[in-house]
Amino acid sequence: MKISDRTAGFSYAIRDVIAAANEVEAKGHKIIKLNIGDPIKYGFKTPKILTDPLRYVEEENYNYYADSRGILEFREAIADYENNKYNVGVTAEKVIATAGVSEGIQMTLMSFTNPGDRILIPGIHYPSYSGNGTIFGNDMQYYRTVVEDNYYPDPDHIRSLMNDRTKLVFLNTPNNPTGSVYPEKVLKEIVDIVGEYDACIVSDETYDLLVLDEGLKHTATAEVAKDVPVIAYNGFSKVFLAPGWRLAYAYIHDPLGKIEEPWDGLNKLTRLRLCASTPLQKAGAEALKQDQSSYLPETIKLLKERRDLIYNRLSEMDGIVVNKPEAAFYIFSMISMDQFKWKNDKEFVFDYLRKKHILTVFGSGFGPFGNDGFRMVYLPTLEEIDIAMNRLEELLRENRI
Ligand SMILES: Cc1ncc(COP(=O)(O)O)c(C=O)c1O
């Protein structure tokens with residue numbers, strides 16, 4: 001039997017490089033892995049404010065199928081949490097619990113789009129957007145995000161791509177893989193453009209509290225969206241250092257009721273998979289009542305040291321063009337290919353892996369604007385980052401034309 005066309009049609013670069021890494025490891029080499037955005041794999045610990053309530057969950061037997069949208073206590077806690085951080089006016093009725101932001105992305109495309117409907121995606125993006133867009137047969141258009149503009153979205157390009165079949169415009173701030181925090185001004189310009197069409201903004205804010213520089217702040221898209229509808233995602237994978245929990249949520253901002261129908265559809269879809277994990281929703285609700293100061297400032301301090309080291313090292317390398325990531329734990333660099341023997345970013349990434357035993361992800365896996373680039377995760381220790389950078393310098397020297 002053959003695999004379905006829709007499943008054959010997509011790839012997921014972040015995990016696709018792993019098969020090649022396994023081969024290198026099988027030959028007995030130790031690889032420094034800079035490919036997966038999972039803090040736990042690099043020694044970070046899930047905070048006690050999240051794990052402590054698990055004991056309480058056991059006592060209270062929170063093990064039943066929950067309301068498909070999420071337990072009320074969780075949705076209320078999310079509404080309070082978002083309203084405390086941002087001026088977004090969310091209520092529990094406008095929140096659903098999901099098994100990761102990943103599930104939210106999938107269900108949104110399922111409910112908001114038909115095959116052939118246009119969706120706009122950042123030119124360099126988290127591959128789940130385009131992977132799911134492929135599955136749902138969307139007309140995917142990529143808007144300009146380039147290193148020279150700090151990888152911020154280009155509103156003029158967004159405008160040129162909008163048409164009457166555009167349903168969703170994806171934004172991701174702070175951004176994976178570029179680490180950019182979109183300025184409020186850019187967000188407002190995009191809101192105005194989307195407002196001219198019968199379309200909705202999808203705002204993935206998974207890294208909102210991992211902004212690394214003092215004085216810089218994440219702006220929630222819903223805060224500046226006026227009457228333009230927004231569906232926003234966030235979760236516990238990154239900011240709460242709990243990717244394995246698969247606990248996340250979506251909320252909508254929809255003052256004119258423009259997306260009521262697809263939102264109802266999304267709620268309907270939640271029934272098809274019964275519910276997100278009940279015990280973890282309860283623990284999450286409890287954690288949200290606690291202060292995040294017990295772990296977040298320390299996490300940011302560690303990330304900042306690592307970001308500064310990797311950025312300083314990369315920016316000294318001839319043939320590498322890089323900007324300073326403002327948030328999260330990724331750095332995206334462009335390679336001046338005309339200076340080297342490699343044909344493209346994939347060749348470079350596999351060479352770096354096979355010859356220097358450093359695993360990164362090729363930029364073209366993050367969309368067409370990522371060609372000739374590569375992404376590194378800077379979660380490893382300073383020592384490991386230094387080794388990876390020394391070996392990169394060697395590799396560049398050995399392959400210079
Ligand atoms: C921008 C972005 N959105 C969503 C996700 C997936 O998050 P979750 O673990 O909540 O499914 C990731 C994971 O790396 C991400 O980087």
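**Entry 1**

I looked up Pro177 and found it in the loop between strand 5 and helix 10. The model I am reading is predicted. The peptide bond that joins Asn176 and Pro177 is cis, with omega about 15 degrees. I then checked Pro174, which sits in the loop between strand 5 (166–172) and helix 10 (184–195). The bond from Thr173 to Pro174 is cis as well, and its omega is near -15 degrees. I noted these bonds because most peptide bonds are trans.

**Entry 1: positive phi**

Lys226 is not a glycine, yet its phi is positive, near 50 degrees. I located Lys226 in the loop between helix 11 (221–224) and strand 7 (230–235). Is Lys226 buried or exposed? I counted 11 other C-beta atoms within 10 Å, so Lys226 is exposed, the limit for that class being 12 or fewer.

Arg246 also has a positive phi, about 55 degrees, and is not a glycine either. I placed Arg246 in the loop between strand 7 and strand 8 (248–253). Arg246 has 18 C-beta neighbours inside 10 Å and therefore counts as partly exposed.

I picked Thr7, which lies in helix 1 (residues 5–8). From Thr7 to Val17, ten residues along the chain, the C-alpha atoms are 18 Å apart.

I then turned to Leu280, in helix 13. Leu280 and Val57 are 223 residues apart in sequence, but their C-alpha atoms are 8.4 Å apart in space.

**Entry 2: helix 6 against helix 13**

I stayed with helix 13 (residues 278–288) and checked how it passes helix 6 (residues 72–85). The two axes come within 9 Å and cross at roughly 30 degrees. The crossing is left-handed. Which residues of helix 6 meet helix 13? I listed Glu73, Phe74, Ala77 and Tyr81. On the helix 13 side I listed Gln281, Lys282, Gly284, Ala285 and Leu288. By class, this contact has five nonpolar, two polar and two charged residues.

**Entry 3: domains**

I read the domain assignment, which gives domain 1 as 5–45 + 295–399 and domain 2 as 48–291. Taken over C-alpha atoms, the domain centres are 26 Å apart. I noted 35 residues of domain 1 in contact with 33 residues of domain 2. On the domain 1 side, the elements that give two or more residues are helix 2 (13–16), helix 14 (296–315) and strand 10 (330–335). Helix 14 gives the largest share of that side, six residues. I sorted the domain 1 side by class: 21 nonpolar, seven polar and seven charged residues.

**Entry 4: the whole chain**

Last, I looked up the totals. I found 16 helices and 13 strands in the protein chain. The radius of gyration is 21 Å, close to the 21 Å that the globule rule gives for 401 residues, so the chain is as compact as a globular protein of that length. The C-alpha trace spans about 60 × 55 × 50 Å along its principal axes. Buried residues make up 47% of the 401 residues. Of the contacts with a separation of 6 or more, I noted that 73% are between residues 24 or more positions apart.

Terms used:
Residues are numbered from 1 along each chain as its sequence is written. This is a predicted model: local features need pLDDT of at least 70, side-chain atom pairs count only at pLDDT 80 or more; totals for chains, interfaces and linings use all residues. Helices (H or I, at least four residues) and strands (E, at least two) are DSSP runs, numbered from the N terminus. The radius of gyration is taken over C-alpha atoms; the globule rule is 2.2 Å times the number of residues to the power 0.38. A residue is buried if 20 or more other C-beta atoms lie within 10 Å of its own, exposed if 12 or fewer, and partly exposed in between; C-beta atoms are placed from the backbone. Two residues are in contact if their C-beta atoms, placed from the backbone, lie within 7 Å. Domain bounds come from an automatic or database domain assignment. Ala, Val, Leu, Ile, Met, Phe, Trp, Tyr, Cys and Pro count as nonpolar, Asp, Glu, Lys and Arg as charged, and the others, Gly among them, as polar. Axes are lines fitted to C-alpha atoms, for helices over the stretch in contact, and angles run from 0 to 180 degrees between N-to-C directions. A crossing is left-handed if the near helix is turned anticlockwise from the far one by less than a right angle, and right-handed if clockwise.
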